[in-house]
Amino acid sequence: MQGKILSTQLIISDDGKRYEYDKNDVVNLGNKDLAMLTGSQVDFVIFDERVAKSIYIINENVNVSSILSADSISSARAKALWGIGLLIFGFIILYIGYFFILTPNIRKIIDLGLQFFSFITYIVLIIAIVSVVLYSMAIYSVSKAVASKSLFKNYIKAIIIIFLCDFLMPSMTILASKHVDIFTRMIAVFVLDMIALIVAIYGYKIHAELARLSGSSLFLWSFWINAVNVPLRFVFIIFAGFPSFVIFVGFANIIKFVAFAVSIIYLVLHFIAWWRFKKVEKR
């Protein structure tokens with residue numbers, strides 16, 4: 001008899017009848033996530049008129065809704081990979097746009113530099129939002145799959161603090177970079193330092209737990225590499241207040257390029273770490 005998978009417990013045959021089944025009766029399932037295979041074609045043997053046995057998947061049908069709704073390691077892995085992949089793509093086109101408007105020869109030929117960069121910024125913002133949503137769903141799926149009480153909570157706390165940091169960053173950067181008294185500048189830098197430190201603490205907890213669950217140290221390696229961006233950001237803020245702004249502009253571009261390179265390395269390592277995350281490490 002042939003049919004398709006309706007859920008993790010039901011199969012519908014080609015003649016419309018429904019049969020219950022057990023995951024262990026899917027012979028060629030392997031390490032695949034059954035929850036993500038809804039709609040896949042199967043061949044099976046009827047047992048006791050209501051139960052399917054000796055089930056073989058003959059045509060896989062992995063659909064997006066199944067991936068998004070499933071709370072399993074395989075589902076989390078897929079969502080994380082899509083989220084990180086989109087973010088890498090967004091970073092690349094953002095910096096292409098950034099260097100596009102900085103290139104004098106191109107700007108002489110095409111007088112659309114700033115408009116082009118503005119358009120790219122909106123596109124990247126949309127990509128970033130989708131990426132964050134997918135990655136948040138991935139962390140939630142992992143926490144549900146392994147019954148973790150801390151992973152998703154730490155992630156949400158980190159996200160809230162990051163948004164707070166992004167909200168305060170413009171005003172704090174202005175205070176730190178303007179020619180105001182040194183005390184005011186130091187307070188602004190100190191506030192940003194404290195926010196960054198709190199984010200780093202939660203970030204470490206998240207990466208450490210992912211490393212423990214997956215058995216991959218790449219999660220921690222990616223965290224420490226990304227930590228390089230914190231001092232780079234504050235070097236940028238501090239030097240922005242110096243009178244020799246013309247010299248600083250070139251230095252700022254170097255810092256931005258290094259920060260971009262560090263971010264890409266972090267994302268690539270993080271992507272590989274998630275790619276290898278196929279099952280929970282038993283300890």
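Guide: Welcome! This is a predicted model, where local features need pLDDT of at least 70 and side-chain atom pairs count only at pLDDT 80 or more, while totals for chains, interfaces and linings use all residues. Residues are numbered from 1 along each chain as its sequence is written, and side-chain values use heavy atoms, leaving out hydrogens and water.

Visitor: Happy to be here. How many helices and strands does the protein have?

Guide: Nine helices and five strands. Along the sequence the pattern reads β-β-β-β-β-α-α-α-α-α-α-α-α-α.

Visitor: What makes A80 count as buried?

Guide: Buried means under 20% relative accessible area, exposed means over 50%, and partly exposed lies in between, with a 1.4 Å probe and protein chains only. A80 has 0% relative accessibility, so this residue counts as buried. A80 lies in helix 2 and touches Y135, A138 and W274, not counting residues up to four places away in sequence. Contact here means heavy atoms within 4.5 Å.

Visitor: What makes a set of residues a nonpolar core?

Guide: The members must be buried Ala, Val, Leu, Ile, Met, Phe, Trp, Tyr or Cys residues joined through side-chain atoms within 4.5 Å. The largest such core has 32 residues, and those with the most contacts inside it are Y135, I139, V142, L210, F219, W274 and F277. Helices 2, 4, 5, 6, 7 and 9 each supply at least two residues of this core. A second, separate core of 13 residues includes V42, F44, A52 and I57. As background, in soluble globular proteins nonpolar side chains tend to be buried together.

Visitor: Why is the pair of F223 and W224 called edge-to-face?

Guide: Rings of Phe, Tyr and Trp (its six-membered ring) pair if their centres lie within 6.5 Å; planes under 30 degrees apart count as stacked, over 60 as edge-to-face and the rest as tilted. For F223 and W224 the centres are 5.0 Å apart and the planes stand at 70 degrees, so the pair is edge-to-face. F223 is buried at 9% relative accessible area, whereas W224 is exposed at 53%.

Visitor: How many aromatic pairs are found in the whole structure?

Guide: Twelve. Among them is the edge-to-face pair of Y204 and F223, at 5.7 Å centre to centre and 65 degrees between the planes. Y204 in helix 6 and F223 in helix 7 are 19 residues apart. There is also one aromatic cluster formed by Y135, Y140, F152, Y155, F219, W274 and F277.

Visitor: How do you know that the buried residues of helix 7 line one face?

Guide: In helix 7, L218, F219, S222 and F223 are buried. Seen down the helix axis, the buried residues fall within an arc of 145 degrees, so they line one face. That arc is taken from the directions from the helix axis to the C-beta atoms. The face turned away from the buried side carries the exposed residues W221 and W224.

Visitor: What makes the charged end of R77 sit over the ring of W275?

Guide: The rule asks for NZ of Lys or CZ of Arg within 6 Å of the ring centre and within 35 degrees of the ring normal. The charged end of R77 sits over the ring of W275, 4.8 Å from its centre.

Key: Helices (H or I, at least four residues) and strands (E, at least two) are DSSP runs, numbered from the N terminus.
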